[in-house]
Amino acid sequence: MKKSLLVLALVLASFVVFGQSYSLGDTNHSGGIDVVDALLIAQAYVGLNPSNYYESEADVDCSGGIDIVDALLVAQYYVGLISSFPCQSTPPPGTTTTTTTSIGGGNIIARARGTMGGEKLEIQANGTTVGSFTMSTSYADYSASGSGTIRVVFTNDDQLENGMDIQVDYVDINGTRYQAEDQATNTAVYVNGACGGEYSEWLHCNGYIEFYTGEVTPPPTSTTTTSTGGGSCDGANGNVYLTFDDGPTGNTQSLCSSLTNAGACKATFFVIGQNMPGNSSAYKSAGFSVQNHSQTHSHMGSWGYQQVYNDLNQANSSIQNAGFPKPTVIRLPYLESSSTIQSVCSELGLQIISPSIDTQDWNGASTQSIINACNSLNAGGNPLMHENQSNTLAAITTIVQNLKNRGLGFRQY
Ligand code: ZN
(Lines give C-alpha, C1' and ligand atoms only; values in the text may rest on other atoms or scores of the structure.)
Protein backbone atom coordinates (compact mmCIF):
# COMPACT_ATOMS: atom_id res chain seq x y z
CA MET A 1 0.00 0.00 0.00
CA LYS A 2 2.73 2.44 0.95
CA LYS A 3 4.75 1.82 -2.17
CA SER A 4 1.81 1.96 -4.59
CA LEU A 5 0.61 5.15 -2.97
CA LEU A 6 4.00 6.74 -3.40
CA VAL A 7 4.16 5.72 -7.05
CA LEU A 8 0.66 7.03 -7.70
CA ALA A 9 1.53 10.24 -5.94
CA LEU A 10 4.77 10.72 -7.85
CA VAL A 11 2.98 10.26 -11.18
CA LEU A 12 0.27 12.74 -10.35
CA ALA A 13 2.30 15.25 -8.33
CA SER A 14 2.52 17.74 -11.14
CA PHE A 15 0.41 20.69 -10.16
CA VAL A 16 0.12 22.97 -7.19
CA VAL A 17 -2.75 25.38 -6.64
CA PHE A 18 -1.74 28.68 -5.12
CA GLY A 19 -3.88 29.97 -2.31
CA GLN A 20 -3.98 31.19 1.25
CA SER A 21 -6.30 28.75 2.99
CA TYR A 22 -5.05 26.10 5.35
CA SER A 23 -7.64 23.35 5.28
CA LEU A 24 -7.02 20.19 7.22
CA GLY A 25 -5.26 17.91 4.75
CA ASP A 26 -3.72 20.78 2.80
CA THR A 27 -0.27 19.93 4.06
CA ASN A 28 1.61 22.19 1.64
CA HIS A 29 -0.73 25.18 2.10
CA SER A 30 -1.43 25.14 -1.62
CA GLY A 31 -5.06 26.12 -1.15
CA GLY A 32 -6.43 22.71 -2.08
CA ILE A 33 -6.18 19.07 -1.12
CA ASP A 34 -4.57 16.91 -3.75
CA VAL A 35 -2.29 13.98 -4.17
CA VAL A 36 0.75 16.12 -3.39
CA ASP A 37 -0.54 16.38 0.17
CA ALA A 38 -0.77 12.60 0.45
CA LEU A 39 2.73 12.32 -0.94
CA LEU A 40 4.12 14.81 1.57
CA ILE A 41 2.58 12.94 4.49
CA ALA A 42 3.98 9.67 3.18
CA GLN A 43 7.41 11.26 2.80
CA ALA A 44 7.28 12.70 6.30
CA TYR A 45 6.13 9.33 7.66
CA VAL A 46 9.17 7.55 6.23
CA GLY A 47 11.46 10.28 7.53
CA LEU A 48 12.29 12.12 4.32
CA ASN A 49 11.72 15.59 5.85
CA PRO A 50 9.91 17.07 2.80
CA SER A 51 10.03 20.81 2.29
CA ASN A 52 6.93 23.01 2.02
CA TYR A 53 5.17 20.61 4.36
CA TYR A 54 3.04 21.67 7.31
CA GLU A 55 2.51 18.95 9.86
CA SER A 56 -0.25 21.01 11.48
CA GLU A 57 -2.58 20.03 8.62
CA ALA A 58 -1.43 16.41 8.33
CA ASP A 59 -2.95 14.51 11.26
CA VAL A 60 -6.34 14.17 9.56
CA ASP A 61 -7.45 11.26 11.76
CA CYS A 62 -6.58 13.07 15.01
CA SER A 63 -4.43 10.15 16.13
CA GLY A 64 -1.89 12.51 17.69
CA GLY A 65 0.77 11.73 15.10
CA ILE A 66 1.14 11.27 11.39
CA ASP A 67 1.26 7.89 9.76
CA ILE A 68 0.32 6.14 6.55
CA VAL A 69 -3.36 6.24 7.52
CA ASP A 70 -3.27 10.03 7.23
CA ALA A 71 -1.71 9.80 3.76
CA LEU A 72 -4.29 7.22 2.73
CA LEU A 73 -7.19 9.34 3.98
CA VAL A 74 -5.93 12.39 2.10
CA ALA A 75 -5.58 10.30 -1.08
CA GLN A 76 -9.12 8.95 -0.57
CA TYR A 77 -10.40 12.47 -0.10
CA TYR A 78 -8.65 13.57 -3.29
CA VAL A 79 -10.24 10.85 -5.41
CA GLY A 80 -13.66 11.45 -3.84
CA LEU A 81 -14.03 8.29 -1.75
CA ILE A 82 -14.58 10.34 1.41
CA SER A 83 -15.91 13.86 1.86
CA SER A 84 -14.45 14.69 5.26
CA PHE A 85 -11.76 13.53 7.65
CA PRO A 86 -12.31 11.76 10.98
CA CYS A 87 -10.98 14.91 12.65
CA GLN A 88 -13.76 17.00 11.20
CA SER A 89 -17.14 16.85 12.87
CA THR A 90 -18.94 18.21 9.83
CA PRO A 91 -18.21 18.15 6.12
CA PRO A 92 -17.16 19.83 3.96
CA PRO A 93 -13.60 20.82 4.70
CA GLY A 94 -13.71 24.58 4.95
CA THR A 95 -11.10 27.22 4.42
CA THR A 96 -9.88 27.34 8.00
CA THR A 97 -8.03 24.89 10.19
CA THR A 98 -10.51 25.20 13.05
CA THR A 99 -14.04 24.09 13.69
CA THR A 100 -16.53 26.17 15.62
CA THR A 101 -18.95 24.34 17.85
CA SER A 102 -20.82 26.29 20.47
CA ILE A 103 -21.41 24.04 23.45
CA GLY A 104 -23.95 25.13 26.06
CA GLY A 105 -25.22 28.69 26.07
CA GLY A 106 -24.49 31.78 28.07
CA ASN A 107 -22.64 35.02 28.35
CA ILE A 108 -19.19 33.47 28.67
CA ILE A 109 -17.54 31.82 25.68
CA ALA A 110 -14.09 30.28 25.95
CA ARG A 111 -12.39 29.35 22.70
CA ALA A 112 -9.87 26.60 23.34
CA ARG A 113 -8.35 23.35 22.14
CA GLY A 114 -6.29 20.51 23.56
CA THR A 115 -2.97 19.21 22.28
CA MET A 116 -3.91 15.52 22.67
CA GLY A 117 -7.69 15.57 23.04
CA GLY A 118 -9.38 14.57 26.28
CA GLU A 119 -8.13 17.53 28.30
CA LYS A 120 -10.74 18.75 30.79
CA LEU A 121 -11.53 22.43 31.05
CA GLU A 122 -13.81 24.22 33.48
CA ILE A 123 -15.22 27.71 33.40
CA GLN A 124 -15.51 29.15 36.90
CA ALA A 125 -17.37 32.30 37.94
CA ASN A 126 -16.41 33.68 41.36
CA GLY A 127 -14.99 30.28 42.29
CA THR A 128 -18.03 28.24 41.24
CA THR A 129 -17.80 25.85 38.32
CA VAL A 130 -20.39 26.90 35.74
CA GLY A 131 -19.22 24.73 32.84
CA SER A 132 -17.19 21.51 32.35
CA PHE A 133 -15.92 20.45 28.96
CA THR A 134 -13.66 17.88 27.31
CA MET A 135 -11.31 19.27 24.70
CA SER A 136 -10.78 18.12 21.15
CA THR A 137 -7.64 19.06 19.25
CA SER A 138 -9.50 21.61 17.11
CA TYR A 139 -10.50 24.98 18.43
CA ALA A 140 -14.11 25.13 19.59
CA ASP A 141 -16.26 27.57 21.55
CA TYR A 142 -17.30 26.46 25.04
CA SER A 143 -19.98 28.54 26.74
CA ALA A 144 -21.42 28.97 30.19
CA SER A 145 -23.27 31.57 32.24
CA GLY A 146 -21.92 33.49 35.19
CA SER A 147 -20.50 36.76 36.46
CA GLY A 148 -17.70 38.11 38.58
CA THR A 149 -14.16 36.85 38.31
CA ILE A 150 -14.01 34.40 35.43
CA ARG A 151 -11.40 31.67 35.37
CA VAL A 152 -10.68 29.08 32.70
CA VAL A 153 -9.30 26.05 34.53
CA PHE A 154 -7.33 22.97 33.38
CA THR A 155 -8.11 20.07 35.73
CA ASN A 156 -6.65 16.79 34.42
CA ASP A 157 -3.05 17.48 33.46
CA ASP A 158 -1.21 14.20 32.99
CA GLN A 159 2.07 15.79 34.14
CA LEU A 160 3.98 14.32 31.20
CA GLU A 161 6.21 16.58 29.21
CA ASN A 162 4.67 15.58 25.88
CA GLY A 163 1.18 15.02 27.15
CA MET A 164 -1.96 17.01 27.54
CA ASP A 165 -2.00 20.80 27.38
CA ILE A 166 -4.73 23.31 26.63
CA GLN A 167 -4.39 26.36 24.42
CA VAL A 168 -6.90 29.11 25.13
CA ASP A 169 -7.43 31.57 22.31
CA TYR A 170 -9.73 34.02 24.07
CA VAL A 171 -12.73 34.40 26.32
CA ASP A 172 -15.75 36.50 25.40
CA ILE A 173 -17.53 37.91 28.45
CA ASN A 174 -20.76 39.79 27.79
CA GLY A 175 -19.62 40.37 24.23
CA THR A 176 -16.18 41.74 25.08
CA ARG A 177 -13.22 39.71 23.93
CA TYR A 178 -10.32 39.08 26.30
CA GLN A 179 -7.26 37.49 24.71
CA ALA A 180 -5.75 34.84 26.94
CA GLU A 181 -2.22 36.09 26.35
CA ASP A 182 -3.20 39.54 27.65
CA GLN A 183 -4.10 38.26 31.11
CA ALA A 184 -1.71 38.86 34.00
CA THR A 185 -2.61 35.73 35.97
CA ASN A 186 -1.91 32.28 34.55
CA THR A 187 -1.13 29.70 37.23
CA ALA A 188 -0.92 26.90 34.68
CA VAL A 189 1.68 28.03 32.15
CA TYR A 190 5.01 26.24 32.53
CA VAL A 191 7.91 28.67 32.49
CA ASN A 192 11.40 28.68 33.98
CA GLY A 193 10.98 25.16 35.24
CA ALA A 194 7.81 25.77 37.23
CA CYS A 195 4.06 26.14 36.84
CA GLY A 196 2.67 29.64 36.97
CA GLY A 197 3.27 32.90 35.20
CA GLU A 198 1.50 35.50 33.16
CA TYR A 199 0.54 36.58 29.67
CA SER A 200 0.29 33.18 28.03
CA GLU A 201 -2.48 31.31 26.27
CA TRP A 202 -1.10 27.95 27.43
CA LEU A 203 -2.31 25.79 30.28
CA HIS A 204 0.46 23.20 30.75
CA CYS A 205 -0.24 22.35 34.39
CA ASN A 206 -3.43 22.14 36.39
CA GLY A 207 -4.40 25.73 37.06
CA TYR A 208 -6.17 28.65 35.49
CA ILE A 209 -6.10 31.86 33.51
CA GLU A 210 -8.05 34.57 35.29
CA PHE A 211 -10.32 36.90 33.31
CA TYR A 212 -12.36 39.77 34.73
CA THR A 213 -15.67 41.33 33.90
CA GLY A 214 -16.12 45.07 33.89
CA GLU A 215 -12.39 45.67 33.94
CA VAL A 216 -9.90 45.10 31.17
CA THR A 217 -6.59 43.74 32.36
CA PRO A 218 -3.83 45.89 30.89
CA PRO A 219 -2.03 44.23 28.01
CA PRO A 220 1.53 43.06 28.52
CA THR A 221 4.13 45.77 28.23
CA SER A 222 7.06 43.49 27.50
CA THR A 223 6.54 43.28 23.75
CA THR A 224 6.10 47.01 23.33
CA THR A 225 8.89 48.08 25.65
CA THR A 226 11.38 45.86 23.86
CA SER A 227 10.37 47.24 20.48
CA THR A 228 12.86 49.76 19.27
CA GLY A 229 10.83 51.19 16.42
CA GLY A 230 10.55 54.94 16.03
CA GLY A 231 7.36 56.90 16.59
CA SER A 232 3.88 55.57 16.21
CA CYS A 233 2.73 54.63 12.76
CA ASP A 234 -0.69 53.45 13.90
CA GLY A 235 -3.51 53.45 11.37
CA ALA A 236 -7.06 54.71 11.82
CA ASN A 237 -8.41 51.25 11.02
CA GLY A 238 -5.90 49.26 13.06
CA ASN A 239 -2.46 47.87 12.45
CA VAL A 240 -0.75 44.97 10.76
CA TYR A 241 2.54 43.28 11.56
CA LEU A 242 4.79 43.08 8.52
CA THR A 243 7.06 40.08 9.08
CA PHE A 244 10.04 38.81 7.14
CA ASP A 245 11.78 35.48 7.73
CA ASP A 246 15.23 34.01 7.04
CA GLY A 247 17.42 37.11 7.31
CA PRO A 248 19.78 38.74 7.49
CA THR A 249 20.54 38.50 3.77
CA GLY A 250 21.96 40.55 0.95
CA ASN A 251 18.50 42.13 0.63
CA THR A 252 18.35 43.37 4.24
CA GLN A 253 19.53 46.92 3.56
CA SER A 254 17.27 47.40 0.50
CA LEU A 255 14.25 45.96 2.26
CA CYS A 256 14.68 48.15 5.35
CA SER A 257 15.09 51.23 3.14
CA SER A 258 12.00 50.38 1.09
CA LEU A 259 9.91 49.91 4.22
CA THR A 260 11.11 53.13 5.80
CA ASN A 261 10.73 55.16 2.59
CA ALA A 262 7.21 53.83 2.01
CA GLY A 263 6.18 54.83 5.53
CA ALA A 264 6.24 51.53 7.42
CA CYS A 265 8.14 52.60 10.52
CA LYS A 266 7.63 49.23 12.20
CA ALA A 267 8.36 45.70 11.00
CA THR A 268 9.57 42.42 12.45
CA PHE A 269 12.42 40.30 11.15
CA PHE A 270 12.55 36.64 12.18
CA VAL A 271 16.25 35.97 11.71
CA ILE A 272 18.33 32.80 11.52
CA GLY A 273 20.79 32.96 14.42
CA GLN A 274 23.73 31.49 12.52
CA ASN A 275 23.44 34.28 9.92
CA MET A 276 23.86 36.98 12.56
CA PRO A 277 25.23 39.58 12.75
CA GLY A 278 25.62 39.69 8.93
CA ASN A 279 23.80 42.70 7.56
CA SER A 280 21.77 43.16 10.73
CA SER A 281 22.92 46.74 11.34
CA ALA A 282 20.25 47.82 8.84
CA TYR A 283 17.53 46.52 11.19
CA LYS A 284 19.04 48.57 13.97
CA SER A 285 19.22 51.86 12.14
CA ALA A 286 15.64 51.43 10.92
CA GLY A 287 14.49 50.60 14.47
CA PHE A 288 12.88 47.32 13.46
CA SER A 289 12.28 44.36 15.75
CA VAL A 290 14.58 41.34 15.44
CA GLN A 291 13.14 38.07 16.67
CA ASN A 292 13.88 34.34 16.79
CA HIS A 293 13.62 32.03 13.75
CA SER A 294 15.95 29.39 15.31
CA GLN A 295 19.74 29.10 15.11
CA THR A 296 20.04 26.58 12.26
CA HIS A 297 16.63 26.60 10.51
CA SER A 298 16.28 22.84 10.89
CA HIS A 299 13.31 20.50 10.81
CA MET A 300 12.92 20.12 14.58
CA GLY A 301 9.70 18.09 14.65
CA SER A 302 11.42 14.88 15.75
CA TRP A 303 14.00 16.49 18.03
CA GLY A 304 14.13 15.96 21.77
CA TYR A 305 13.65 18.71 24.31
CA GLN A 306 17.33 19.50 24.93
CA GLN A 307 18.21 19.65 21.24
CA VAL A 308 15.38 22.06 20.51
CA TYR A 309 16.24 24.10 23.60
CA ASN A 310 19.90 24.42 22.63
CA ASP A 311 19.06 25.59 19.10
CA LEU A 312 16.45 28.18 20.06
CA ASN A 313 18.46 29.41 23.05
CA GLN A 314 21.53 29.79 20.82
CA ALA A 315 19.48 31.90 18.41
CA ASN A 316 18.53 34.20 21.29
CA SER A 317 22.22 34.55 22.16
CA SER A 318 23.19 35.27 18.54
CA ILE A 319 20.57 38.00 18.38
CA GLN A 320 21.55 39.52 21.72
CA ASN A 321 25.26 39.33 20.86
CA ALA A 322 24.48 41.43 17.76
CA GLY A 323 23.10 44.12 20.07
CA PHE A 324 19.36 43.47 19.92
CA PRO A 325 16.97 42.94 22.84
CA LYS A 326 16.22 39.40 23.97
CA PRO A 327 13.57 37.97 21.61
CA THR A 328 10.04 37.59 22.95
CA VAL A 329 8.46 35.90 19.93
CA ILE A 330 9.45 33.21 17.45
CA ARG A 331 8.40 32.04 14.04
CA LEU A 332 9.15 28.34 13.78
CA PRO A 333 11.19 27.16 10.77
CA TYR A 334 8.84 25.64 8.15
CA LEU A 335 6.06 26.53 10.65
CA GLU A 336 6.64 23.04 12.07
CA SER A 337 5.53 22.59 15.64
CA SER A 338 5.31 19.82 18.22
CA SER A 339 4.44 19.70 21.89
CA THR A 340 8.19 19.51 22.66
CA ILE A 341 8.87 22.63 20.61
CA GLN A 342 5.96 24.38 22.29
CA SER A 343 7.31 23.47 25.75
CA VAL A 344 10.75 24.85 24.89
CA CYS A 345 9.27 28.09 23.52
CA SER A 346 7.24 28.44 26.68
CA GLU A 347 10.31 27.91 28.84
CA LEU A 348 12.27 30.49 26.83
CA GLY A 349 9.40 32.97 27.01
CA LEU A 350 8.97 32.90 23.24
CA GLN A 351 5.45 33.31 21.95
CA ILE A 352 4.95 31.43 18.68
CA ILE A 353 3.78 33.73 15.90
CA SER A 354 1.89 31.97 13.13
CA PRO A 355 1.26 33.93 9.94
CA SER A 356 -2.31 35.00 9.25
CA ILE A 357 -1.77 34.75 5.50
CA ASP A 358 0.80 33.00 3.31
CA THR A 359 2.06 35.15 0.42
CA GLN A 360 3.64 32.02 -1.12
CA ASP A 361 6.75 34.05 -1.88
CA TRP A 362 8.82 31.00 -0.89
CA ASN A 363 6.95 29.08 -3.58
CA GLY A 364 7.76 31.38 -6.50
CA ALA A 365 4.74 33.69 -6.24
CA SER A 366 4.91 36.67 -8.60
CA THR A 367 5.31 40.22 -7.34
CA GLN A 368 1.65 40.93 -8.16
CA SER A 369 0.52 37.78 -6.40
CA ILE A 370 2.40 38.79 -3.23
CA ILE A 371 0.80 42.25 -3.41
CA ASN A 372 -2.64 40.69 -3.85
CA ALA A 373 -2.12 38.41 -0.86
CA CYS A 374 -1.18 41.36 1.36
CA ASN A 375 -4.25 43.28 0.17
CA SER A 376 -6.28 40.73 2.14
CA LEU A 377 -4.49 41.50 5.43
CA ASN A 378 -6.75 42.66 8.25
CA ALA A 379 -5.91 44.53 11.44
CA GLY A 380 -3.79 42.34 13.70
CA GLY A 381 -2.70 40.15 10.81
CA ASN A 382 0.80 39.24 9.70
CA PRO A 383 1.88 37.86 6.34
CA LEU A 384 4.41 35.10 5.75
CA MET A 385 7.17 36.77 3.69
CA HIS A 386 10.87 36.12 3.23
CA GLU A 387 13.57 38.70 2.83
CA ASN A 388 15.63 36.63 0.41
CA GLN A 389 12.88 36.70 -2.23
CA SER A 390 13.42 39.33 -4.92
CA ASN A 391 9.69 39.43 -5.74
CA THR A 392 8.97 40.31 -2.11
CA LEU A 393 11.50 43.11 -2.25
CA ALA A 394 9.88 44.35 -5.47
CA ALA A 395 6.41 44.17 -3.92
CA ILE A 396 7.02 45.86 -0.59
CA THR A 397 6.55 49.52 -1.56
CA THR A 398 3.16 48.82 -3.13
CA ILE A 399 2.16 46.59 -0.22
CA VAL A 400 2.84 49.38 2.27
CA GLN A 401 1.05 51.98 0.14
CA ASN A 402 -2.03 49.78 -0.31
CA LEU A 403 -2.25 49.09 3.43
CA LYS A 404 -1.95 52.80 4.21
CA ASN A 405 -4.67 53.56 1.65
CA ARG A 406 -6.95 51.21 3.64
CA GLY A 407 -6.23 53.15 6.86
CA LEU A 408 -4.03 50.40 8.26
CA GLY A 409 -0.86 51.19 10.17
CA PHE A 410 2.11 49.18 11.36
CA ARG A 411 3.26 47.56 14.56
CA GLN A 412 6.12 45.24 15.38
CA TYR A 413 6.45 42.39 17.84
ZN1 ZN B 1 12.30 30.23 7.43
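Analyst: The account below begins with the whole chain, turns to the core and its helix contacts, and ends with particular backbone positions.

The model is a predicted one. The protein comprises 10 helices and 21 strands. Of its 413 residues, 45% count as buried. Among contacts between residues at least 6 apart in sequence, 66% join residues at least 24 apart.

The largest nonpolar core holds 52 residues, and L259, A267, F269 and L312 touch the most other members. At least two residues of this core are supplied by each of α5, β15, α6, α7, β17, α8, α9 and α10. The largest share, six residues, comes from α10. A second, separate core of 31 residues includes A144, V152, Y190 and L203.

Leaving aside neighbours within four places in sequence, L312 is in contact with N292, S294, I330, V344, C345, L348 and L350.

Helix α7 spans residues 305–321, and α8 spans 339–347. Their axes come within 9 Å and cross at roughly 45°. Angles under 35 degrees count as roughly parallel and those from 65 to 115 as roughly perpendicular; α7 and α8 are therefore oblique to each other. The crossing of this pair is right-handed. An α-helix has 3.6 residues a turn, so residues three or four places apart point the same way.

Helix α9 covers residues 367–375 and α10 covers residues 390–405; the two pack at an angle of about 35°, with their axes 8 Å apart. The crossing of α9 and α10 is right-handed. From α9 the contact takes in T367, I370, I371, C374 and N375, which meet N391, T392, A394, A395, T398, I399 and N402 of α10. The residues of this contact divide into six nonpolar, six polar and no charged.

A cis peptide bond joins G247 and P248, with omega about -10°. P248 lies in the loop between β14 (243–247) and α5 (252–262). Within strand β14 is D246, where phi is near 80°, a positive value in a residue other than glycine. D246 counts as buried because 21 C-beta neighbours lie inside 10 Å, the threshold being 20 or more.

A cis peptide bond also joins M276 and P277, and here omega is about 0°. P277 is found in the loop between β15 (268–271) and α6 (281–286). Helix α6 itself contains S285. S285 is exposed because it has 11 other C-beta atoms within 10 Å, where the limit for exposed residues is 12 or fewer. S285 and S257 are 28 residues apart in sequence, and their C-alpha atoms are 9.9 Å apart in space.

Q360 has a positive phi of about 65° although it is not a glycine. With 24 C-beta neighbours inside 10 Å, Q360 counts as buried.

The buried positions of α2 are V35, V36, D37, A38, L39, L40, I41, A42 and A44. Just after α2, G47 takes a positive phi of about 85°.

Terms used
Residues are numbered from 1 along each chain as its sequence is written. This is a predicted model: local features need pLDDT of at least 70, side-chain atom pairs count only at pLDDT 80 or more; totals for chains, interfaces and linings use all residues. Axes are lines fitted to C-alpha atoms, for helices over the stretch in contact, and angles run from 0 to 180 degrees between N-to-C directions. Helices (H or I, at least four residues) and strands (E, at least two) are DSSP runs, numbered from the N terminus. A crossing is left-handed if the near helix is turned anticlockwise from the far one by less than a right angle, and right-handed if clockwise. Two residues are in contact if their C-beta atoms, placed from the backbone, lie within 7 Å. Ala, Val, Leu, Ile, Met, Phe, Trp, Tyr, Cys and Pro count as nonpolar, Asp, Glu, Lys and Arg as charged, and the others, Gly among them, as polar. A nonpolar core is a set of buried Ala, Val, Leu, Ile, Met, Phe, Trp, Tyr and Cys residues joined through C-beta atoms within 7 Å. Angles under 35 degrees count as roughly parallel, over 145 as roughly antiparallel, 65 to 115 as roughly perpendicular and the rest as oblique.
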